[in-house]
Amino acid sequence: MTQTTQVAVIGGGQAGLAAGHHLRRLGLDFVILDAQAEPGGAWQHAWDSLHLFSPAAYSSLPGRPMPLQMGEPYPDARHVVGYLTEYERRYDLPVHRPVRATGVHRDGRYLRVGTEVGSWRAGAVISATGTWWRPFLPAVPGRSDFRGRQLHTVEYRSPRNFAGQRVIVVGGGNSGAQIAADLAYDTELTWVTQRPPRFLPDDIDGRALFDVATARRRALDEGRTDTQGVASLGDIVAVAPVREARDTGLLKASPMFVRLDRDGVVWSDGTRTPADAVIWCTGFRPALSHLAPLGLRGQRGRIATAGTRSVKEPRLHLLGYGDWTGPASAILIGVGRPARDAAREIAELLA
């Protein structure tokens, strides 16, 4: 069965919902195709202690402020799931789930989105699948030899599962720091980073990060010198649990090991550290396999964009994958502006 609509949005997380809000305001006919069985996007799969970097008032999607969470200045993942669920209901967004997009194809004047339950033909498509579904694991020598547990950020839930164990956490970004801080009290922790961790000033949170990312995009658009954006400030937002573990001396980073063996990791001087588990907090890649039939990927697998619009396929917009699809578009407060711009461009195209 093939259905026809003006716009098909692939992904029902925060980016897809923000796009839906603006498409609805412009009076366009659209569907949101979400592979998840329940609302909440990737937030429903996050680890138990994950909190936002910003207060609720600075973590909202367009049109609906996020309510405060009782006793929590920085809302946790469960609060975000509840907010996204209510947001979807409040604006009566046409979300179809669970519907997994298997491929986007050119079909005359339409783009056809194939799924496991049928197809949608649309005058324009917004891809908003994010990165959570494509975890990245580095090619570290000996990784297949290690006999202990190995898991990625996406599989970590709670320190209860590692109590009393020897755990190696790999990664110097926010996920690595937060999970290392989570494990610092009940495990024999070794935190490993490629370079010495850089903590942002303690008074910096998501509000400032959004402003810095926006200023960088403005500078690039105006042909001025690249300010490096958030990267110029540091890599890790010092949220309360990270600050506490750091200030008590429990969060100390070691340089990257050279390989794994059957029982643990091997350092550059030949010494060994035994381990029961290795947690790879090594980031993600954009989940774009559904766009492969369009043949748009360039160097490093990235699709060239002008704002959110694909340069080679103007009927396609990409939203929420990082700064290359809109400044700070991968965070709640940042996705609203590029979602608005994408919806406006699509309205003009369809008109």
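The expected span of a helix is taken here as 1.5 Å times one less than its number of residues. In the predicted model described below, helix 1 comprises the 12 residues 14–25 and reaches 17 Å from its first C-alpha to its last, which is close to the 16 Å expected at 1.5 Å a residue. Of these 12 residues, 10 are buried, so helix 1 is largely enclosed by the rest of the structure. The buried set consists of Gln14, Ala15, Gly16, Leu17, Ala18, Ala19, Gly20, His21, His22 and Leu23. The elements against which these buried residues pack include strand 1 (2–10), strand 2 (30–33), strand 3 (95–96) and strand 6 (118–127), together with helix 2 (77–90) and helix 6 (332–350). After helix 1 comes Gly27, for which phi is positive, near 75°.

At the level of the whole chain, six helices and 17 strands are assigned. The radius of gyration is 21 Å, close to the 20 Å that the globule rule gives for 351 residues, and the chain is therefore as compact as a globular protein of that length. Taken along the principal axes, the box filled by the C-alpha atoms is roughly 65 × 40 × 40 Å. Buried residues make up 49% of the 351 in the chain, and of the contacts between residues at least 6 apart in sequence, 64% join residues at least 24 apart.

The region around helix 2 can be described through individual residues. Glu88, placed in helix 2, has a relative accessibility of 11% and therefore counts as buried, the cut-off being under 20%. When neighbours within four places in sequence are left aside, the contacts of Glu88 are with Leu17, Pro39, Leu93, Val95 and Arg97; among these, Leu17 is one of the buried residues of helix 1. Arg97 is in turn joined to Pro98 by a cis peptide bond with omega of about -15°, and Pro98 is found in the loop between strand 3 and strand 4 (101–107). Most residues other than glycine have a negative phi, and most peptide bonds are trans. Asp92, in the loop between helix 2 and strand 3, has a positive phi, near 50°, although the residue is not glycine. With a relative accessible area of 59%, Asp92 is exposed.

Gln44 lies in the loop between strand 2 and helix 2 and, at 29% relative accessibility, counts as partly exposed. Beyond its neighbours within four places in sequence, Gln44 is in contact with Gln36, Glu38, Pro39 and Val81, and Pro39 is also listed among the contacts of Glu88. Gln44 and Tyr156, although 112 residues apart in sequence, are 13 Å apart in space, C-alpha to C-alpha. Asn174 belongs to helix 3 (residues 174–183), and its contacts, again leaving aside neighbours within four places in sequence, are with Phe53, Asp235, Ile236 and Val237. Between Asn174 and Leu332, which are 158 residues apart in sequence, the C-alpha to C-alpha distance is 16 Å.

Key. Residues numbered from 1 in each chain as written. Predicted model: local features only at pLDDT ≥ 70, side-chain atom pairs only at ≥ 80, totals over all residues. Heavy atoms only, no water. Helix = DSSP H or I, 4+ residues; strand = E, 2+ residues; numbered from the N terminus. Buried < 20%, exposed > 50% of the residue type's maximum accessible area, 1.4 Å probe, protein only. Contact = heavy atoms within 4.5 Å. Rg over C-alpha atoms; globule rule 2.2 N^0.38 Å.
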